[in-house]
Amino acid sequence: MDIASILTPLCRDHGMELQRDVPLSTKCTFKIGGPAAFYLEPATEQALARIVAACHEHAVPCLVLGKGSNVLFSDDGFHGVVIGLGELFSAIALLDDTTVFCQSGASLSRLCCFARDHGLAGLEFAYGIPGSVGGAVYMNAGAYGGEIADCILRATHIDADGTPGTLEREALALSYRHSAYSGGNRVITGAVFRLAPGDREEIAAKMADYMNRRRTKQPLDLPSAGSTFKRPEGAYASALIDQCGLKGRSVGGAQVSEKHAGFVVNTGGATCADVEALIAEVVREVQAKTGFLLEPEVRIIRP
């Protein structure tokens with residue numbers, strides 16, 4: 001049985017459009033990547049569960065994608081099914097005065113604005129991180145001294161066979177850029193956050209300050225996948241790269257940002273091969289000159 005014959009009736013049952021040969025460069029912040037053989041966007045958890053279970057049952061490669069802000073797609077694309085979780089899967093609601101539930105497809109910035117508008121503090125650090133809530137939980141996203149681990153209560157998911165489940169905070173195994181979901185096949189569907197009452201103007205001021213810092217220091221005018229490397233113990237990746245004189249180093253259309261050495265940017269027409277070659281050069285030279293071995297933070301998605 002081919003993939004289309006598996007997916008077509010499921011999409012029809014749930015009112016989804018099954019798209020073919022969708023350029024993944026249009027689905028990620030790096031603006032790089034070949035076509036996805038199949039692409040769809042479920043609006044309900046039931047639809048998501050049925051698609052994921054069908055792919056699992058028939059051994060069809062399946063990738064769940066949020067905002068695509070921390071991924072690099074192969075130039076050959078993805079030969080299976082890409083499931084996009086976005087605006088159709090982005091509900092946010094108050095569970096009580098200080099507890100917020102958010103579906104995984106919502107953007108972090110939208111969740112931050114929701115919290116601000118309800119006078120809830122604790123998520124200011126995340127404002128401007130260009131990812132989805134699901135992606136943020138997956139990698140325990142953080143910035144400016146804060147991280148998802150500081151405020152999450154639990155996360156909901158579906159297993160590969162479509163069974164729903166929940167992980168409480170203690171079971172999430174949250175550490176630097178890691179969670180219990182990292183590298184696994186569970187699909188995050190939502191998260192619950194416990195926040196603190198705060199002054200709306202103070203919350204808004206903090207958010208504006210963090211956003212201004214990003215605009216001032218980061219190359220937000222060029223496509224990228226955000227911070228390219230994890231922070232090595234005892235140092236900062238960007239400082240090491242700068243120290244090695246690698247700012248501005250290019251391979252094809254990929255470049256170590258001249259504004260912030262921790263970012264590899266797409267200056268126009270960069271390929272996955274360009275980015276991978278540049279990352280390899282940076283890793284090799286930084287290790288040779290400083291002794292630190294940099295580890296990429298960006299997920300590279302193969303066909």
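Contact here means heavy atoms within 4.5 Å. The views show a predicted model, in which local features need pLDDT of at least 70 and side-chain atom pairs count only at pLDDT 80 or more, while totals for chains, interfaces and linings use all residues. Residues are numbered from 1 along each chain as its sequence is written, and side-chain values use heavy atoms, with hydrogens and water left out.

View 1. Gln255 lies in strand S17 (residues 254–256); helices (H or I, at least four residues) and strands (E, at least two) are DSSP runs, numbered from the N terminus. With a relative accessible area of 14%, Gln255 is buried. The classes are buried, under 20% relative accessible area, exposed, over 50%, and partly exposed, in between (1.4 Å probe, protein chains only). Neighbours within four places in sequence aside, Gln255 is in contact with Gly248, Arg249, Ser250, Phe263, Val264, Val265, Thr267 and Leu278.

View 2. Strands of a sheet pair through backbone hydrogen bonds, either parallel or antiparallel. Two strands are taken to pair if DSSP finds at least two bridges between them. An open sheet of 5 strands has antiparallel pairing and the order S6-S7-S13-S11-S12. Strand S6 (92–96) and strand S12 (164–168) are at the edges with a single partner strand each, so one side of each is left without a neighbour in the sheet. From one strand to the next, the twist averages 20°. Helix H3 (residues 108–117) packs on this sheet and touches S6, S7 and S13, and its direction makes about 40° with that of S6. Axes are lines fitted to C-alpha atoms, for helices over the stretch in contact, and angles run from 0 to 180 degrees between N-to-C directions. Within the sheet, strand S7 (residues 99–103) pairs with strand S13 (residues 187–194) in the antiparallel sense over 5 bridges. Thr99 has Arg194 of S13 as its bridge partner.

**View 3. The buried residues of H3.** Which residues of H3 are buried? They are Leu108, Leu111, Cys112, Cys113, Phe114 and Ala115. These buried residues pack against S6, S7, strand S8 (120–121), helix H4 (133–139), S13 and helix H5 (200–217). Just after H3, Gly119 takes a positive phi of about 65°.

**View 4. Thr189 in strand S13.** Thr189 has its place in strand S13. The residue Thr189 has a relative accessible area of 2% and is buried. Apart from neighbours within four places in sequence, the contacts of Thr189 are Glu45, Leu48, Phe89, Gln103, Ser104, Thr156, His157 and Ile158.

**View 5. Strand S5 and its parallel partners.** In strand S5 (residues 78–84), 6 of the 7 residues are buried, so the strand is largely enclosed by the rest of the structure. Strand S2 (residues 35–40) runs parallel to S5 and is joined to it by 4 bridges. Leu40 stands opposite Ile83 in S5. Strand S3 (residues 62–65) also pairs with S5 in the parallel sense, over 4 bridges. The bridge partner of Cys62 in S5 is Val81.

**View 6. The second largest pocket.** On a 1 Å grid over the protein atoms alone, a pocket is an open set of points with protein on both sides within 12 Å along at least five of seven lines, and lining residues have an atom within 4 Å of a point. The volume of the second largest pocket is about 160 Å³, a volume being the space filled by probe spheres set on the grid points, which are joined across faces, edges and corners. Its lining consists of Lys27, Tyr39, Glu41, Leu65, Gly66, Lys67, Gly84, Leu85 and Gly86. By class, this lining has 3 nonpolar, 3 polar and 3 charged residues. Ala, Val, Leu, Ile, Met, Phe, Trp, Tyr, Cys and Pro count as nonpolar, Asp, Glu, Lys and Arg as charged, and the others, Gly among them, as polar.

**View 7. Two loop residues with positive phi.** Most residues other than glycine have a negative phi. Ala59, in the loop between helix H2 (45–57) and S3, has a positive phi near 55°. At 68% relative accessibility, Ala59 is exposed. Tyr144 lies in the loop between strand S9 (142–143) and strand S10 (146–147). Although Tyr144 is not a glycine, its phi is positive, about 50°. Tyr144 is partly exposed, at 31% relative accessibility.

Key. On a 1 Å grid over the protein atoms alone, a cavity is a set of points where a 1.4 Å probe fits but cannot get out, and a pocket is an open set with protein on both sides within 12 Å along at least five of seven lines; lining residues have an atom within 4 Å of a point.
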